[in-house]
Amino acid sequence: MGARFPFPSFPRGWFVIGFPEDVAPGQVKTFRYFGQDIVLFRTESGVLAAVDKVCPHLGAHLGGGHVKGECLRCPFHDWGFRSDGVVVDVPYAPKIPPKAAVRTWHVREQNGVIMVWYCPKGQAPTYEIPVLDEDGWTGNKTVRWVVRSHPQEVAENTVDCSHLGPVHHVGRTDVLSVEQEGHFMRVVLHMEASGAPIDMPDEFNDVQLDVKLHGIGQIVSQTTVLTSDMKTRQRIYPTPIDEDTIAIFGVSNIRQMPDEGYTHEIEDIFYKAFLVDFPKDFPIWENKAYLDKPMLAGGDGPIGRYRRWCRQFYDYPEVAAQPQATPTPAAIAQPITAIAKLKGWLRALSQAPAANNNGSDGSNGNSNDAGLDAHLIDLGPRKPRPVAATSKFASVGDYFDSLERRFNPAAAGDLQAVIQWVLTGDKACAYFAEIKGGSVQSVAGTHPAPTITIEMSAEDYLLMINGELNGARAFSTGRGRLRGPVRLAMKMQRLFPLDAAV
């Protein structure tokens with residue numbers, strides 16, 4: 001166990017140690033995780049294998065070897081190891097020593113990551129990680145961070161509801177459900193999230209967050225932006241490097257939308273937001289203390305349930321029995337309070353009631369779990385978020401006629417751009433606005449080289465500017481199309497305020 005945490009540094013389970021592209025066919029690489037070297041090699045036919053570093057012959061580091069055909073060759077005496085660790089060739093010997101093999105790691109390659117099974121006792125995997133459906137999702141955008149922390153701290157962040165406001169621009173958060181079964185845990189949250197991380201500071205979205213944990217090393221968080229019908233998926237894989245440091249592998253995808261260009265732009269926006277927003281927790285993790293008995297308050301989240309669930313992934317070192325001293329008469333006369341306390345603690349734990357919809361089990365005893373689930377209070381029904389007053393336009397013509405008068409030069413700054421609208425249907429029309437030098441000029445018709453073009457029916461555009469159709473939903477569902485930078489479209493409400501006095 002490390003000095004910072006009251007549990008082992010290396011939990012049991014599946015952990016990511018790389019991406020498939022990290023090890024090419026015919027390549028050998030050494031990865032350091034769980035305080036030791038793991039040698040990965042990929043045969044020339046593409047089979048990936050993970051083995052211990054020490055050659056059983058005379059102790060050479062196999063990470064210095066090379067691949068020939070389907071074997072890893074030792075750098076010292078050229079022994080050939082198959083992907084299952086068995087020695088199949090000793091070039092200079094007429095007979096291979098029986099039982100000649102190196103210990104292998106259970107390894108899986110799926111959904112764009114390389115996972116190994118870690119167990120301090122060397123036991124085989126007790127569960128598998130389900131393969132994620134990739135149909136309809138964009139390709140993986142990946143990242144790897146190194147942080148001084150523990151995997152349990154990372155996953156705890158997903159149930160720590162009260163940190164979401166101060167750190168991640170989130171308003172009210174409700175725990176809709178908590179589910180635990182064996183190695184699996186699932187938490188579903190409903191939150192009000194600011195659009196600031198995705199360059200939409202004026203927007204506040206209803207968001208549902210569906211977080212699934214498979215052990216401590218696998219976190220799959222699917223976000224549905226209910227107001228715009230967008231879906232994103234972030235995968236977070238914390239893996240111990242040594243007793244004090246972890247690697248965090250991140251993978252980001254979004255659900256594909258009808259407009260391919262719009263999909264790629266939104267994908268880039270969410271990925272960059274992931275790179276900026278998620279690491280905000282890192283300095284906190286690196287400097288915080290782990291409190292075994294935290295002083296929790298209503299609204300903190302199902303932290304107690306999460307911590308109890310985590311206990312199954314640890315193998316604590318056995319403590320050698322100490323010789324017992326002969327008890328004194330005074331000691332014999334005292335009640336065995338330690339044993340009684342232990343029995344009471346185990347009894348309370350086994351009889352803990354299941355969580356209700358908000359994840360609370362009402363625990364209020366005097367054990368280490370005391371108060372860990374006093375995490376929610378009745379916040380009452382959600383109050384409708386007030387909608388900013390907007391001018392009601394009788395027609396899209398009214399909108400364009402007032403465009404120059406509603407222009408906000410302070411929001412434009414030094415922007416130089418041509419925004420074009422091509423509206424279809426019974427009231428089809430085309431306009432463009434040229435922004436330059438802090439001023440704007442609007443013209444009926446089309447421009448030969450617009451910076452951005454908005455295409456949709458005039459009827460839908462009227463609904464959108466009157467606040468009856470969410471703009472992001474219109475584009476994510478195919479009711480509208482964007483040609484050009486999405487970030488400029490996001491800025492339009494600031495450039496041409498709908499509620500400006502004209």
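Let's begin with a polar pair: the side chains of Asp37 and His61 are joined by a polar contact of 2.9 Å. By polar contact I mean a pair of N or O atoms within 3.5 Å, where, within protein, one must be able to donate a hydrogen and the other to accept it, and residues adjacent in sequence count only if both atoms are side-chain atoms.

Quick housekeeping. This is a predicted model, so local features need pLDDT of at least 70 and side-chain atom pairs count only at pLDDT 80 or more, while totals for chains, interfaces and linings use all residues. Residues are numbered from 1 along each chain as its sequence is written, and side-chain values use heavy atoms, with hydrogens and water left out.

Back to Asp37. You'll find Asp37 in strand β3, residues 36-42; strands here are DSSP runs of E, at least two residues, and helices are runs of H or I, at least four, numbered from the N terminus. The Asp37 side chain also has a polar contact of 2.9 Å with that of Arg32. Is Asp37 buried or exposed? Buried, with a relative accessible area of 15%. The cut-offs are under 20% for buried, over 50% for exposed, and partly exposed in between, using a 1.4 Å probe and protein chains only.

Now, salt bridges: a side-chain nitrogen of Lys or Arg within 4 Å of a carboxyl oxygen of Asp or Glu. The structure holds 18 of them.

Take Asp89 and Arg73, whose closest N and O atoms are 2.6 Å apart. Asp89 sits in strand β8 and Arg73 in strand β6, so this pair ties together parts 16 residues apart in sequence. Arg73 is buried at 8%, whereas Asp89 is partly exposed at 29%.

Next, Arg487 and Asp268 form a salt bridge at 3.8 Å between the closest N and O atoms.

Asp460 is in helix α11, and Arg479 is in the loop between α12 and β22. Here Asp460 is buried at 10%, but Arg479 is partly exposed at 41%.

Last stop, helix α5: eight of its eight residues are buried, so α5 is largely enclosed by the rest of the structure. Among them are Tyr306 and Trp309.
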